[in-house]
Amino acid sequence: MMFWIGILAGGAFAWFAMKLRFYQTWTLVFNIIISIYLSLYLRPVIVNIPAVGDTPYSNALAMAAVASASFLILHGISYTFLTGQFNVSFPKVFEVVGTGLLGFLAGFLVWSFLSLLIYITPVSQNTFVKDIGFTDQFQQTSVLYISRFCNLVNAAVSSQDDEHSAEQTISKLLKDFESKVREKTPEKPKPVEPAEPNNAKPCITEQKQPCPPPEPNKDN
């Protein structure tokens, strides 16, 4: 079910992108990718600030705040200096097919990012959330999708010797969350196994001795 929700989100973004043009849509997708990238790599810095505190929702709130602030700033800059000043015309195939494809990719990326934020909160341990399809398998799909876009940014801004790939960064985030969940989850007591029946015969500690024979009658 969660996968189909992501498809619907991609379709909604594609419909919205069709109202824009390819130039504006490409700028929007670029701002979304950079915002998610910054939220992922700035999270360790934000959560280590003493004022933030260590709560079960610290990581998700920090990433959501960085992504939202980054997108608003980038969108304002791009509108002021690019999309709001001039327009670039592309062939019709880009304006129709390209715009819809970019919108769909952007919608699924946003949904994958939101599902990652949900996964690193205690809400993901709720039975209802798991029943609607929010499983580890779907989460792996979201992580892989986010990592592909973040690795593109890594290839452009980081050195080749940098080993901090997006997959490693997200995996570390998930491991930290899972370790906290295990620490707060009390261990279930082991069931007491019933004792095996003792088939051995009971030991006889006291033996009955026969009564002594009667003494003979001396009068006879």
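**Exercise 1.** Which residues is Met63 in contact with, leaving aside its neighbours within four places in sequence?

*Solution.* Step 1: apply the contact criterion, heavy atoms within 4.5 Å. Step 2: leave aside neighbours within four places in sequence; Met63 is then in contact with Ser39, Leu40, Arg43, Phe113, Leu116, Leu117, Ile120 and Leu173. Step 3: note the basis of the values. The model is predicted, so local features need pLDDT of at least 70 and side-chain atom pairs count only at pLDDT 80 or more, while totals for chains, interfaces and linings use all residues. Residues are numbered from 1 along each chain as its sequence is written, and side-chain values use heavy atoms, with hydrogens and water left out.

**Exercise 2.** State how many helices and strands the protein has, and in what order the elements run.

*Solution.* Step 1: take helices (H or I, at least four residues) and strands (E, at least two) as DSSP runs, numbered from the N terminus. Step 2: the count is seven helices and zero strands. Step 3: from the N terminus on, the order is α-α-α-α-α-α-α. Step 4: among contacts between residues at least 6 apart in sequence, 80% join residues at least 24 apart.

**Exercise 3.** Describe the largest nonpolar core and name the elements that give two or more residues to it.

*Solution.* Step 1: a nonpolar core is a set of buried Ala, Val, Leu, Ile, Met, Phe, Trp, Tyr and Cys residues joined through side-chain atoms within 4.5 Å. Buried means under 20% relative accessible area, exposed over 50%, and partly exposed in between (1.4 Å probe, protein chains only). Step 2: the largest such core has 32 residues, and those with the most contacts inside it are Met63, Leu109, Ile120 and Ile146. Step 3: the elements that give two or more residues are helix H2 (22-47), helix H3 (58-83), helix H4 (92-119), helix H6 (136-157) and helix H7 (166-184). Step 4: H2 gives the most, with nine residues. Step 5: for the protein as a whole, 33% of the 220 residues count as buried.

**Exercise 4.** Is Thr121 buried or exposed, and which residues does Thr121 contact beyond its neighbours within four places in sequence?

*Solution.* Step 1: Thr121 is found in the loop between H4 and helix H5 (127-131). Step 2: the relative accessible area of Thr121 is 7%, so Thr121 is buried. Step 3: leaving aside neighbours within four places in sequence, Thr121 is in contact with Pro56, Tyr57, Ala60 and Phe177. Step 4: Thr121 and Leu61 are 60 residues apart in sequence, and their C-alpha atoms are 9.5 Å apart in space.

**Exercise 5.** How many salt bridges does the structure hold, and where does the pair Arg21 and Glu95 lie?

*Solution.* Step 1: a salt bridge is a side-chain nitrogen of Lys or Arg within 4 Å of a carboxyl oxygen of Asp or Glu. Step 2: the structure holds two. Step 3: one joins the side chains of Arg21 and Glu95 (3.8 Å, N to O). Arg21 lies in the loop between helix H1 (2-19) and H2 and Glu95 in helix H4, so the pair ties together parts 74 residues apart in sequence. Arg21 counts as partly exposed at 35% relative accessibility, whereas Glu95 is buried at 14%. Step 4: Asp176 forms a salt bridge with Lys172, the closest N and O atoms being 3.3 Å apart. Both lie in helix H7, four residues apart, about one turn of the helix.
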